[in-house]
2 protein chains.
Amino acid sequence: MKQKKARGQLIVLSGPSGVGKSTVISELLSERSDIYFSVSFTTRAPRVGEADGVNYHFVTREQFEEMIARNDLLEYAEYVHNYYGTSLRLIQEKLEQGIDVLLDIEVQGAAKVKTRCPEAVLIFIVPPSFEELSRRLHGRATDLEEVIQGRLTKAREEYQEIPNYDYLVVNDKVSEAAAEIIAILTAEDCRTNNRLHLVEGI
Amino acid sequence: MKQKKARGQLIVLSGPSGVGKSTVISELLSERSDIYFSVSFTTRAPRVGEADGVNYHFVTREQFEEMIARNDLLEYAEYVHNYYGTSLRLIQEKLEQGIDVLLDIEVQGAAKVKTRCPEAVLIFIVPPSFEELSRRLHGRATDLEEVIQGRLTKAREEYQEIPNYDYLVVNDKVSEAAAEIIAILTAEDCRTNNRLHLVEGI
């Protein structure tokens, strides 16, 4: 049985395109079904197969700008004329209920989260090597070579932000990467600051 | 397979008498046989059943004072006219070989270790409650009531040092306490600072 928690942990996962992050997250959530996986809000149109509330919360530009005005976004960014962001209110509710919240966001958003919530746990997932990342990106076989090269260049830029992350997990085998993340979350629960309420007389 | 490590982790375990620390350590070492459990040096005489190099390294007062003079002790203390201490040289050797080192020491020694090795990971083990600690101490049935009361008083003093520890583990079930410590060690291995050598181009 898990120890009673005063407050949930906010967990941020980042990693380059092609590292296999969504597979690791699926494995993680299948082991730790108590974690709330935060779905981002976006103004872009749903793609074929995407469902509202599953892949994204799809909202209008007006709705998104209202969220900005209400300061209801933990972080947001605009890419190619579309907004993407994370609702602060939803996350706070879960954390206050003692539920761990997982965010899958890129390096700029992660930096904003750390500034606003210094207690957030930032985990960066890397492939075993750049060679392997290139192999994985080519293995998808859906992208043009120039798109792949662009992703590899972006990965090198993202790597420069790794020192801002608390933990670094190498995704060689998915099950091992997920097990390391689960160990990180267990360890964070064991931090003295998160457990002092369990001890009498301090 | 474990990731190659640049350097071993120094792990300090403390906890009140009666908490079941040695049982937790046995369980931990049976799961993680790669950990080097540091045996303390002492000038006190071996008790029946104690073996040199297993329970303690038994040395003479002269030998111990030479270790002090050579600055070869990570921490030491004198109790009831006997010295107890931890060899720095032995530990450094193991850490440099990438081997994790576990120390079982009390709160004053732990504080000294943290001052000298700020990267040391300090874990405090508590019982589920003081009532349960009292029950466990009485369950031993070998100690006089006044000895037990002395241990409970000392436990309350030791509890005041808990905020200096990085992690707090509740020993309700031994297997769960050991699993939490193993998770803590895995997470510490995943700390970005301990893994940057695995990533190219940073």
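**Helix 5 of chain B**

I began with helix 5 of chain B, residues 130–140, and listed its buried residues, which are F130(B), E132(B), L133(B), S134(B), R136(B) and L137(B); buried means under 20% relative accessible area, exposed means over 50%, and partly exposed is what falls in between, with a 1.4 Å probe and protein chains only. I then looked for what covers these residues and found that the cover includes helix 6 (145–159) of chain B, where contact means heavy atoms within 4.5 Å. Helices (H or I, at least four residues) and strands (E, at least two) are DSSP runs, numbered from the N terminus.

**Conventions**

I noted that this is a predicted model, in which local features need pLDDT of at least 70 and side-chain atom pairs count only at pLDDT 80 or more, while totals for chains, interfaces and linings use all residues. Residues are numbered from 1 along each chain as its sequence is written, chains are lettered from A and ligands numbered from 1 in the order in which they are written, and side-chain values use heavy atoms, with hydrogens and water left out.

**Chain A as a whole**

I counted eight helices and nine strands in chain A, and along its principal axes the C-alpha trace spans about 65 × 40 × 30 Å. For the radius of gyration, taken over C-alpha atoms, I used the globule rule of 2.2 Å times the number of residues to the power 0.38. A compact globule of 202 residues would have a radius near 17 Å, and the 18 Å of chain A agrees with that.

Buried residues make up 48% of the 202 residues in chain A. Among the contacts of chain A between residues at least 6 apart in sequence, I found that 66% join residues at least 24 apart.

I recorded an accessible surface of about 10100 Å² for chain A, of which 50% belongs to carbon and sulfur atoms; the areas come from the Shrake-Rupley method with a 1.4 Å probe, and for residues only the protein chains shown count as cover. The 24 positive and 32 negative charges of chain A have mean positions 2 Å apart. Lys and Arg count as positive and Asp and Glu as negative, with His and the chain ends not counted, and each charge is placed at NZ of Lys, CZ of Arg, CG of Asp or CD of Glu.

**The two copies**

I superposed the copies by least squares on the C-alpha atoms of residues with pLDDT of at least 70 in both. Chain A can be laid on chain B with an RMSD of 0.0 Å by a turn of 180° and a shift of 0.0 Å along the axis, which is the relation of a two-fold axis. In chain A, the C-alpha nearest the axis is that of A183(A), 2.2 Å from it. The same surface serves both copies, as 100% of the contact residues of chain A recur in chain B.

**Asn 71 in both chains**

Most residues other than glycine have a negative phi. N71(A) is partly exposed, with a relative accessible area of 48%.

In chain B, N71(B) has a positive phi of about 60° although it is not a glycine, and it is found in the loop between helix 2 (61–69) and strand 5 (73–79) of chain B.

**Single residues**

I placed R32(B) in the loop between helix 1 (21–31) and strand 2 (36–37) of chain B, where at 8% relative accessibility it counts as buried. The C-alpha atoms of R32(B) and D100(B), 68 residues apart along the chain, are separated by 9.7 Å.

E93(B) lies in helix 3 (residues 88–96) of chain B and, at 34% relative accessibility, counts as partly exposed.
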